[in-house]
Structures are given as C-alpha cells and as structure tokens.
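Hi there,

Here is the structure I promised to pass on. My notes on it follow below.

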Amino acid sequence: MLEQDRKYEANTPQQAWFAKHRFSIIRHAVINLFMLIILLPLSWVLILSIKSLPDSMRGQFWPRKFDFTHYSYVFENIKTLGGNMTNSILVTGATVLLTTFFAVLAGYALVHLKPWGKTFVFTILLLSLYFPTRVVAIISIYELQDFLGLINVTSGLILPYITLNLAISVLIMRSVFQLVPHEVIESARLDGASVWGTLWFIGLPLARNGLVVVFIVNFVTAWGEFLLASTLINDQEARTMPVVLAAAQGGMGQWAWPRIAAVYIIVVTPGLIAFSFAQKLFFKGLAEGVVKG
Amino acid sequence: MVERNEIELKLQEANRRQLLQGKIDRREFLSRSMVAGLGLAGVGVASKYGVGPAYAAEGRPLTPTFYDWIEGLHPGIPGVNERFPGINYQIAPVQGFGIERFVAESKKSDSTWDVYVGQTPFVEMTSLIEADVIEPWDNYIPADVIDDIIPSIREECSVNGKLYNWPFLLDVVGMGWHSGVTNKAGLVDSAPATWDEFLDGANTIKESGAAPFGATFDAHGWRSVAPLAHSRSSDVYTPEGLFDFTSDAAVEALVLMKKIMQTSNPDILLSGASDGGVNGTPDEVAFSTQRVGYYVKYFNAPLRMAQYWDDPKQLHMGPLPKFSGGEGSTVFWTTGCALFKHGQNKEKAAEYIKSLTYDRQIWKDSIAGTETAHVGQLPPYSSIYKEWGETKPDWMLPFVGLVRGQLDRAKAIDNHLFGLSQFQIGQPFWEAFLKGEESDPRVAMQNVTDAVRAEMNRG
Amino acid sequence: MDRGAEIIIPRSVGTAREPKIRQSISAWIFLIPALTFFVCYQVYPIFRIVWISFTDFEFLSTEPANWIGFGNYIEAYNDPLMWKSMGRAALFTVMFLPGTIIFPLILAILVDRVRHPLLATVYRLILLVPALIPSTLVFVLWKWMYNYQIGPINYMLVEVFNIFTYYNAPQWLGGTNLTLPSIAIMEIWWGLGYHAIFFLAGLASIPRDMLEAARLDGANEWRVFWHITLPRLAPIMMILVVLRFGTSMAVIDEYLIFGGFNRGAPTYTWTVYMYDQAFNIGLWRQGFAAAVGMIGAAVMVFFVAGLVYIFRPRG
C-alpha cells in the first residue's frame with residue numbers, strides 16, 4: 001500500500017495528490033493536534049527546568065536568562081536518587097510481571113476451565129473495584145506487612161502492589177480470553193495437550209493484546225504509587241521515587257519551581273527511554289495481530 | 001553515610017547469629033518462606049528481616065525521625081548528627097501530617113523510632129496525646145533547658161503542666177514588604193505600625209501603579225483570622241480551648257481581611273497545593289512574582305518567595321501591625337520534638353534534642369540563610385537571644401530583634417483536638433462574608449461557631 | 001492460528017470429556033495465586049471496613065470500640081453533607097467520563113490507520129508519555145498550568161490574547177466553579193494516550209480482512225465503524241467505562257491537592273468527607289467514615305450494575 005502511494009505521489013500533479021491524500025492529511029493533522037496537546041505541557045516543564053529563578057516566576061515561555069544548575073542541585077540534595085530509581089524499577093518490574101502472570105492464570109481459568117463458583121469469583125472481583133478500601137486499607141495493609149516482617153523492606157512493597165490492580169487485571173484477561181473461541185481450547189485439550197500447554201501455546205498467543213493492556217495498567221499504578229510506599233518504608237535509601245519526589249514539593253515547599261521541574265525531567269526521561277525499547281515488544285504483539293488477522 | 005553502613009553490617013551480623021541459633025519461630029519462618037517463595041525478596045529480605053527484634057534485644061541506636069522538609073531547610077542537622085555516632089537518622093512517613101503509622105505502632109506498644117521531630121502543638125500534639133503515642137519530656141529534659149524556653153512557647157508546648165513538645169523551630173506571623181515596590185509608590189521604608197497605615201500604604205501601592213496589588217495574606221484561618229485577631233486581643237479562646245470566632249477581636253479581624261482584599265490579588269481565597277492546602281498558596285505566588293507590596297505571613301514565606309526576585313535584598317520584614325488601641329500580639333507556633341512513649345533511648349534522645357536545638361550553626365543558617373535555603377525560623381530559648389543582644393553577630397538581621405520583642409505578647413493557638421480543623425470547618429462560613437454572600441460579619445462568625453460545634457457534637 | 005487449529009483438530013466434543021470435578025480442581029489451582037493476594041490485601045480490608053462501619057471506632061481513642069448497629073448509617077443517611085458531596089462526585093463523573101472515552105477512541109482509530117512504521121511507533125510512544133509520569137508530578141504540572149498569576153493558560157489569556165486582565169482572569173483551581181472541569185481536563189489529558197493504547201489493542205484484534213470484506217461489499221466507513229469496529233471494541237470500552245466510573249466517583253488525591261478540606265468547595269466530595277472524618281477531624285471517627293464509604297460504594301455498585309447491563313455481550 002505504501003509503495004502504491006509513493007508511485008502515485010511521483011507521477012501525478014499536486015492537485016490530484018491532495019485530492020487523493022485529503023483524508024490522510026486531515027488524519028495526520030488531527031493526530032498531531034492531539035500529540036501537541038500531550039507534549040506542550042511537558043515542553044513547558046522542560047523549559048522551566050532551565051529557567052533562572054526570577055524568570056520562572058514570569059509567564060513568558062522563553063526565559064531572559066537560562067540557568068542550568070538546577071539539575072546538579074537535585075542530585076546534590078537528593079543523594080539517594082539513584083538508589084530510589086533502582087528501587088522503583090525493581091518494584092515496578094516485579095509487580096508488573098507477577099500481576100500479569102497471576103491475571104493470565106486466573107482469567108484463563110475463569111473462562112476456559114469453568115471452575116465451580118466462577119460467577120461468584122467474578123462478582124466479588126467486580127464489586128471489589130468499588131469499595132473504598134482506602135479508608136482502612138492502609139492500616140490493614142500495615143498490620144499485614146508487619147505480621148510478615150516486611151516493614152522497611154523495599155521488595156515487600158510488591159505484595160500489596162500486586163493487589164492494587166489485580167482485580168481489574170483478572171477482569172481484563174477474562175474478557176480477552178472470552179474472545180478466544182472455546183472450541184479452539186477444547187480441541188487442543190482433546191488432542192492431548194496439557195492445561196499448561198494449551199494456555200501457553202494456544203491461549204496466550206491469542207491474548208497478547210490484552211497482555212499489553214494489563215502490563216501498562218500495572219506499570220502506571222506501581223510506578224506512581226505513593227501512599228503505601230511512604231507509610232511502609234522507613235529508610236530514605238529504601239524508598240521509591242514518588243516518595244522522595246513528593247518530599248521535594250511538599251512540606252514547606254522549600255524547592256524552587258525550576259528545581260522541581262528538573263526533578264520532573266530526571267524522573268520521566270529514564271521511563272521514556274525504557275519504554276522506547278520496551279514498546280517494540282509491546283507493539284510487536286499488536287502489529288502481528290494486524291498482519292495475521 | 002559510612003557509619004550508617006557499619007550499623008547495617010552490625011545488624012545483619014546480629015540477625016545472622018539469630019538465624020544460626022535457631023531463634024526464629026514458626027511464624028517468622030513461614031512468612032519468610034512465603035516471601036522467599038515469590039523469588040523476589042532473596043538475600044536482601046532474609047538479611048533485613050528480623051532486624052527489629054534482633055536489635056531490640058541488644059539495644060538499638062538512637063532513632064530519631066524528621067518531617068521531610070526539616071533537613072532540607074536546615075542543612076546544619078547532619079553536623080549535629082555527627083556528634084552522635086551510630087545515630088539512625090530517618091525521614092518520617094508523615095507526608096501531609098499522616099500520623100497513622102505512629103498510632104498503629106503504639107497500639108501494639110511498639111515504636112520504630114525514639115523521637116519525632118516535626119510536631120506542631122496546635123496541629124497534631126493533642127491527637128498524639130489522646131492516642132497515647134507520646135509522653136512528656138519532663139523526666140528527661142534538664143531543668144535549666146526548660147527554664148530557658150521563652151514562657152509563651154513553654155505554654156504552647158505544655159498540657160496540664162507537662163511538656164509534650166520540646167520546641168525547636170519557631171515560626172511567627174509578621175509582615176514583609178518589597179522595598180522596590182514601596183519606594184516606587186513613594187512610601188517610607190519602614191513597617192506600618194498600625195493596620196490603618198497598612199491599608200493606606202496598600203492603597204497607595206495599587207493606585208500609584210507601583211504594583212498591580214497592594215497587600216496579600218494567606219487565607220488559611222490559622223494564618224489570617226487568628227493572627228489578625230491576636231493583634232487586637234489574644235484573649236480570643238473559649239475556656240475549653242477553642243478559638244472564639246464570635247469575639248469582637250475575631251470579627252474585627254474578619255472585617256480587616258475584607259478591607260485588605262480590596263487591594264489584593266483576586267485569587268487570594270483559593271487555597272493552594274499539597275499538605276491539605278499548605279503550600280503554593282496564591283499569596284506566595286503573588287509575592288514571588290513581585291506583583292504585591294505588603295505581605296502578611298510567617299517569616300519563612302516572604303524569605304522563600306524573595307529568592308525568585310531580581311533582587312532578593314529588596315525584602316524587608318517587621319512585626320505584625322496593630323489595631324489602634326489593640327494589644328499588638330500575633331500568632332506563633334513551634335515545630336518541635338515528640339517523645340514516643342514506646343520508644344527507647346529516652347535519655348539519649350533528650351541529649352540529642354538539646355544539642356540540636358542549641359546548635360548555633362543551625363540558627364545562623366536559618367536567619368542569615370545559606371546557598372540553598374533561607375528559612376527565617378527562630379530559636380525558642382531566651383538565652384540565645386540574650387547572647388545575640390550582648391554581642392550582635394555580623395550576620396544578624398533586624399527582623400529578629402523586632403520579633404523577639406513581640407514574642408512576649410504573642411500567643412500560640414490553644415491546643416485542642418480541633419485546633420487546626422476548626423479553621424478548616426469554619427472557612428467556607430467566614431468566606432461567605434469576604435465574598436459578599438453574607439453582609440453581617442457577626443452572622444458569618446456565628447455560623448462558623450455553629451458549624452464547629454455541630455462537628456464536635458457528633459458521635 | 002485459531003482457524004488453523006479448528007481445521008486440523010477434528011471436533012469430537014462430548015466423547016472424552018474430562019470429569020467435571022478434576023477440571024474444576026485444576027481451574028482452582030490457576031485461581032489460587034490471584035485469590036490469595038486478593039483475599040489478603042483486598043477482601044480482608046473490606047471486611048474490616050464493614051465491621052468497623054457498625055461500631056463507634058475512633059482511631060485515636062484508646063477506648064475499645066462498641067457495636068452500635070446501623071447508628072453510623074442512619075447518621076450518614078441524614079447528613080446533608082453526605083448527599084451534597086455525593087452529588088459533587090457525580091457531577092465530576094459526568095464532566096469526565098464521556099471525554100475520557102470518546103477522545104482516546106477517535107485518536108486510536110486515527111493512529112491505527114497510520115501505516116508508516118516509524119510514525120506509528122513515534123505516535124504510540126508519545127501516547128504513553130503522560131502515563132509514565134507519577135501521579136504526584138502530574139498534579140504539580142497542572143497546578144502550574146492552571147496557576148492564576150503565572151500559569152501558561154492565564155498568561156495566554158491575559159498577555160497574548162488580552163481577553164482578561166490579572167484582576168478578572170479565570171480562577172481555575174482552588175475551589176471555584178471552574179475547579180471540577182479543570183480537574184476533568186487534567187484527567188482526560190492524563191488518560192488520553194493511555195486509553196488510546198487500550199483501544200489500539202482492541203482495534204488490532206479486529207481481523208483486517210473482515211473490514212476489507214465489508215468495504216468491498218460497499219459499506220461506507222461509518223457503517224464499518226458502527227457494525228464491525230464498535231462491537232469488537234465493546235468489551236474494552238466496558239472495561240474502561242466501568243473502571244473510570246469507579247475512579248472518577250472515588251477521586252480523592254486530586255481533590256485534596258486542588259481544594260483542601262474546604263467544605264464549601266466543589267472538590268469536597270464524599271471521598272474527601274470520608275477522609276476528613278477518618279484522618280483529620282477530632283479523634284478520627286473511622287466507624288462513621290466507614291459507613292460513609294459503604295454508602296458511597298453501594299451507590300456506585302448500583303450504577304455499575306446498570307453500566308454492565310448496558311454493555312453486556314449481545315448476540
């Protein structure tokens with residue numbers, strides 16, 4: 001299709017080219033408008049992070065005077081930053097992998113293994129989304145973690161984190177597996193494949209689009225979680241990024257705006273780089289779905 | 001940092017011994033294998049787990065925990081810590097005044113920490129006492145220290161004659177002005193002595209076009225209604241310790257706020273950001289953008305906002321103006337230290353806090369400012385001011401003396417379980433007057449009292 | 001792959017069906033990891049709330065809690081603030097929910113058609129950028145954007161377009177009538193790319209030849225969208241609507257940050273009320289707060305049941 005477009009472009013007059021590509025141009029214009037809406041606030045932060053202090057308190061986008069010292073200020077004042085970042089990456093990574101794994105198993109079982117009581121399980125999962133566990137959850141979770149001896153243990157955060165989005169992850173996998181025809185699973189099983197084999201070789205490849213969604217949902221929550229992380233961990237070195245960052249803009253607000261902006265850029269950039277690599281894996285699944293379908 | 005690692009090694013060693021001696025009970029074993037079974041925790045967890053109990057037996061190091069901004073504002077603290085080798089210095093899990101963790105531990109007669117630095121009496125001290133989390137300092141604080149605390153501060157920190165808050169950082173509500181703006185408006189470069197002068201000056205600034213706005217304040221009740229009322233009379237508390245919103249002084253304060261608002265930034269009533277609206281308030285932004293001349297708030301705020309100015313030296317500060325014939329008082333509060341009832345090392349904690357609160361470097365940094373922070377928080381001890389009075393340090397700023405003078409008349413907000421929340425509950429009702437929805441200030445203040453009363457009568 | 005399997009493996013359903021009980025057991029083995037976590041960290045706290053809601057439990061009090069039956073519920077039911085604050089949450093949901101579904105849907109459909117591999121990748125990457133920002137930083141960002149004095153939005157309105165002055169410019173955050181729409185816009189911004197990715201995943205699962213066949217049959221784009229694309233996206237849309245309905249009714253951090261505890265502000269919703277009672281006022285009446293929460297939950301479950309019914313699988 002792309003090849004054809006190119007030929008067309010080369011061999012016809014401009015007017016015809018515009019006529020042919022009118023929808024494409026409008027489409028890209030609309031897409032880019034959305035992209036601009038997403039990126040503009042962030043570019044404002046980027047500029048803010050290199051403004052001098054007086055300029056940061058003026059509305060003008062472009063500063064009169066640049067000041068690049070805010071980044072070194074951040075590293076000098078949050079000495080644990082590197083360690084906190086590592087903590088965040090480890091906790092988030094483990095949470096995402098485990099939750100996805102559990103959700104795949106449970107979602108698959110609910111749809112294709114039809115256990116006794118599946119409606120009940122489904123209903124409870126769904127209902128749990130609407131209970132304001134927050135009122136006492138923090139205290140209940142504190143007690144539980146204390147019982148397990150996981151207070152002030154960074155990796156201990158993974159346990160409550162898994163649960164943050166477990167219900168919704170299971171529900172997503174359930175609805176994804178519902179799109180896989182039951183006959184396919186049934187016939188594989190009759191052909192002698194084990195339960196695991198069927199899930200791994202038949203079910204999962206068909207459900208990879210859902211995996212992407214579950215991955216992202218869990219990543220976003222675990223990466224930004226603040227309340228549990230600040231309550232359950234005592235040591236500054238053992239804490240995750242959001243807690244350390246909140247300190248920068250909370251309290252007495254001792255951090256000047258451009259410095260908070262610098263923190264911003266420092267936090268978002270590694271995630272962005274990580275994702276520009278990881279997205280290949282993510283979207284490969286999507287692309288394959290497109291080609292094969 | 002180095003000491004820190006040594007401690008961790010010691011802890012790990014203690015823990016390992018405990019493991020070898022088979023001191024782990026079944027519950028510990030189960031929970032440990034549960035975690036290990038997940039394949040995540042690994043050696044890290046195994047070595048860290050059990051550290052608490054293991055150390056308790058052998059005695060743990062002094063473990064203070066600080067509200068997170070304190071270290072950022074006072075870079076001298078690590079210097080004090082160096083004098084206490086082995087100290088386990090931590091940042092408290094209390095973002096936004098969350099004391100849940102402290103209370104939950106206390107219910108099990110336990111405390112990870114020995115002392116909490118970051119308690120403000122009228123905000124959370126009563127809660128911590130009610131929940132039986134903290135105990136008074138009286139058995140541990142040296143007598144000469146307790147006598148050295150300025151009387152009004154000692155009163156703030158005491159309940160039934162017992163000192164539950166060892167005061168550390170003093171914040172006083174006063175005023176600051178931008179001399180660049182006031183000079184342009186042709187005003188004399190001194191603090192207005194009365195509210196009438198203040199209002200005249202604010203009007204002049206706005207009308208002369210020196211700045212778009214004349215004056216501003218922080219709309220939170222404990223930073224506006226209360227200090228303004230105190231400047232008329234500090235006798236504005238009911239016998240049970242609630243702020244008396246219907247008192248003449250409080251009503252006059254409200255009327256004054258409305259007058260100031262005529263020259264102020266229009267977003268003045270929009271509360272700000274995190275910490276339940278404590279930071280990034282509209283007044284702070286207006287002052288830091290150099291769009292306003294006069295500013296009423298605790299001194300930390302103008303100092304912090306002036307760092308954004310083209311010339312921070314244009315900031316001047318003085319005491320809160322008076323009502324003509326008024327008492328000339330103001331509001332102050334301290335951020336101090338609470339002693340955990342179930343903590344350990346209590347004598348050591350007292351020694352540490354004494355060292356911390358008398359540290360001259362911290363006070364110099366706070367008043368004169370450092371490269372990273374200019375806080376303007378002041379010491380709570382008479383002896384330090386006396387010392388400065390006898391031999392004035394070259395870094396001393398004039399506002400300190402003015403504040404010290406006013407401190408004998410100043411008063412903290414009374415301690416009460418509703419000390420802070422009475423102002424949160426009441427805000428929409430007095431703002432009805434400020435916004436013009438209610439024309440009678442007395443009716444507005446009566447509504448405030450009724451709302452607070454209704455909330456207290458629940459349950 | 002699915003079709004292949006269907007052809008290769010002969011269908012003989014019913015001849016060698018596994019015993020039901022054995023299958024059920026293996027199914028439960030699959031469910032156990034998820035359910036263990038779910039019970040410990042989700043069900044246990046819920047039961048705790050239910051129990052607490054029937055007591056006069058006060059967190060800071062050292063006295064034991066007493067069973068008071070429906071006392072808290074009756075008090076909450078008769079409390080005008082409870083219903084007023086519930087109405088505020090509903091108002092926010094109405095502002096937020098349609099936008100957070102429709103905009104990402106449009107965006108996803110447009111991006112899905114981009115065939116240029118590099119562009120498609122770049123677009124998808126940009127879509128994910130806001131999702132990478134921790135919530136606390138998103139709030140800081142928009143606090144800057146909406147700042148009355150120097151925020152870029154008001155700067156544009158005052159200095160560039162001269163529509164307003166600094167005496168009458170819009171006051172976005174902090175408890176004005178504009179605050180809820182402002183937060184809704186922020187949330188829609190935050191979820192724009194993230195939700196678009198959801199829809200892209202759904203769009204990718206639609207067999208391309210199905211669309212081509214429909215087009216060859218003479219169906220116009222609108223009919224293709226309405227009869228093929230939309231039904232296939234319905235499950236994802238249901239997840240999003242149900243999920244976002246829940247989150248938007250129960251928003252709390254944003255309200256605490258942009259509105260504080262001012263009861264007159266539109267941001268003082270039932271969740272803030274609950275939080276205020278449970279962690280801020282007096283001795284922290286968590287019994288009453290739990291009852292407020294349970295009533296809120298009951299109302300939400302009622303509406304969600306309706307939503308699930310609307311989006312139920314058809315045909």
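Helices H5 and H9 of chain A are oblique to each other, because their angle is neither under 35 degrees (roughly parallel), nor over 145 (roughly antiparallel), nor 65 to 115 (roughly perpendicular). Please keep in mind that this is a predicted model: local features need pLDDT of at least 70 and side-chain atom pairs pLDDT 80 or more, while totals for chains, interfaces and linings use all residues. Residues are numbered from 1 along each chain as its sequence is written, and chains are lettered from A and ligands numbered from 1 in the order in which they are written.

H5(A) covers residues 81-113 and H9(A) residues 166-178; helices here are DSSP runs (H or I, at least four residues), numbered from the N terminus. They pack at an angle of about 50°, with their axes 7 Å apart. The axes are lines fitted to C-alpha atoms over the stretch in contact, and angles run from 0 to 180 degrees between N-to-C directions. Contact means C-beta atoms, placed from the backbone, within 7 Å. Among the residues that meet are Phe102(A) and Tyr108(A) from H5(A), and Met173(A) and Phe177(A) from H9(A).

Chain B has two assigned domains: domain 1 (2-170 + 333-390) and domain 2 (173-332 + 406-457), with bounds from an automatic or database assignment. Between them, 18 residues of domain 1 of chain B touch 20 of domain 2. On the domain 1 side, H8(B) gives the largest share, 7 residues.

Best wishes

Terms used: Contact = placed C-beta atoms within 7 Å. Helix = DSSP H or I, 4+ residues; strand = E, 2+ residues; numbered from the N terminus.
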